[in-house]
Amino acid sequence: MKTILKYFPHLSAEQERQFAALYDLYADWNQKVNVVSRKDIEHLYEHHVLHSLSISFGLHPTSGTNILDFGTGGGFPGIPLAILWPDCAFHLIDGTGKKIKVVNEVAGAIGLRNVRASHIRGEEERGKYDFVVSRAVMPLPDLVRIVRKNISKVQHNAMANGIFCLKGGNIDPEISPFRNTVEVMPVSNWISEEWFKEKSLIYLPL
């Protein structure tokens with residue numbers, strides 16, 4: 001939690017409570033369903049919660065924004081972002097039913113009212129959203145091919161509707177088809193911890 005408060009010092013008491021509850025919930029569920037690497041659970045706040053929240057340095061949604069978390073796994077980045085943005089509506093989807101069960105249980109336990117989660121493949125999702133968020137689910141061209149249909153034509157935000165995804169390592173091959181429109185933001189611009197050194201936030205308006 002210290003790491004979260006270092007970068008997000010103005011959380012409400014309710015948001016602090018919700019973030020603080022995540023460790024015990026995920027540690028417990030991780031014994032039953034492997035949603036976070038067993039070796040990584042002790043780094044939950046830095047490697048998963050803060051990493052998810054880094055999207056907020058690039059995206060500043062207005063109240064009522066609809067966001068799809070594609071391939072959410074155990075709820076990342078969707079659950080941390082839903083805590084941070086209680087006025088936005090989140091739909092978290094994943095093709096693995098056990099992981100969606102964890103998402104629903106965690107969201108229910110901390111009282112998140114702006115989250116719904118569905119066991120559905122991205123190809124089958126038909127809803128319309130202002131933004132799609134994801135965390136290293138698949139190469140960007142494949143992601144674009146699947147979610148283009150889900151990006152709403154109606155604009156509610158200063159930034160054009162599109163995709164925000166978190167990536168690590170060399171991303172040049174997958175962003176090359178979108179060179180004229182993609183924006184790549186190094187997460188280390190905002191977060192100084194060593195683990196974030198080669199992490200990027202990609203924004204692609206669609």
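Aspartate 130 is placed in the loop between strand 3 (115–119) and strand 4; helices (H or I, at least four residues) and strands (E, at least two) are DSSP runs, numbered from the N terminus. The model is predicted, so local features need pLDDT of at least 70 and side-chain atom pairs count only at pLDDT 80 or more, while totals for chains, interfaces and linings use all residues. Residues are numbered from 1 along each chain as its sequence is written, and side-chain values use heavy atoms, with hydrogens and water left out.

Aspartate 130 has a relative accessible area of 2% and is therefore buried (buried means under 20% relative accessible area, exposed over 50%, partly exposed in between, with a 1.4 Å probe and protein chains only). Leaving aside residues up to four places away in sequence, aspartate 130 touches Gly64, Thr65, Asn66, Ile151, Val154, His156, Asn157, Asn161 and Gly162, where contact means heavy atoms within 4.5 Å. From aspartate 24 it is separated by 106 residues in sequence and by 32 Å in space, C-alpha to C-alpha.

Strand 4 (131–135) is among the elements that cover the buried residues of helix 3. Helix 3 comprises residues 44–53, and nine of its 10 residues are buried. These are Leu44, Tyr45, His47, His48, Val49, Leu50, His51, Ser52 and Leu53. The cover also includes helix 1 (2–7), helix 2 (13–30), helix 4 (78–84), strand 5 (162–168) and strand 7 (199–205).

Aromatic rings come next. Rings of Phe, Tyr and Trp (its six-membered ring) pair if their centres lie within 6.5 Å; planes under 30 degrees apart count as stacked, over 60 as edge-to-face and the rest as tilted. By this rule there are seven aromatic pairs. In one of them, the rings of phenylalanine 8 and phenylalanine 57 have centres 5.5 Å apart and planes at 35°, so this pair is tilted. Phenylalanine 8 lies in the loop between helix 1 and helix 2, and phenylalanine 57 in the loop between helix 3 and strand 1 (66–70), so the pair ties together parts 49 residues apart in sequence. Phenylalanine 8 is buried at 10% relative accessible area, whereas phenylalanine 57, at 25%, is partly exposed. Another pair, phenylalanine 131 and phenylalanine 164, is edge-to-face, with 5.8 Å from centre to centre and 65° between the planes. Phenylalanine 131 belongs to strand 4 and phenylalanine 164 to strand 5, so parts 33 residues apart in sequence are tied together. Both phenylalanine 131 and phenylalanine 164 are buried. Phe8, Phe57 and Trp190 form one aromatic cluster.

Helix 2 also packs against helix 5 (residues 97–110), at an angle of about 140° and with the axes 9 Å apart. Axes are lines fitted to C-alpha atoms, for helices over the stretch in contact, and angles run from 0 to 180 degrees between N-to-C directions. Helix 2 and helix 5 are therefore oblique to each other (angles under 35 degrees count as roughly parallel, over 145 as roughly antiparallel, 65 to 115 as roughly perpendicular and the rest as oblique). Residues making the contact include Ala21, Leu22 and Trp29 of helix 2 and Val102, Val106 and Ile110 of helix 5.

Two backbone details remain. Most residues other than glycine have a negative phi, and most peptide bonds are trans. Phenylalanine 76 and proline 77 are joined by a cis peptide bond, with omega about 10°; proline 77 is in the loop between strand 1 and helix 4. Alanine 136, in the loop between strand 4 and helix 6 (140–147), has a positive phi near 50°.
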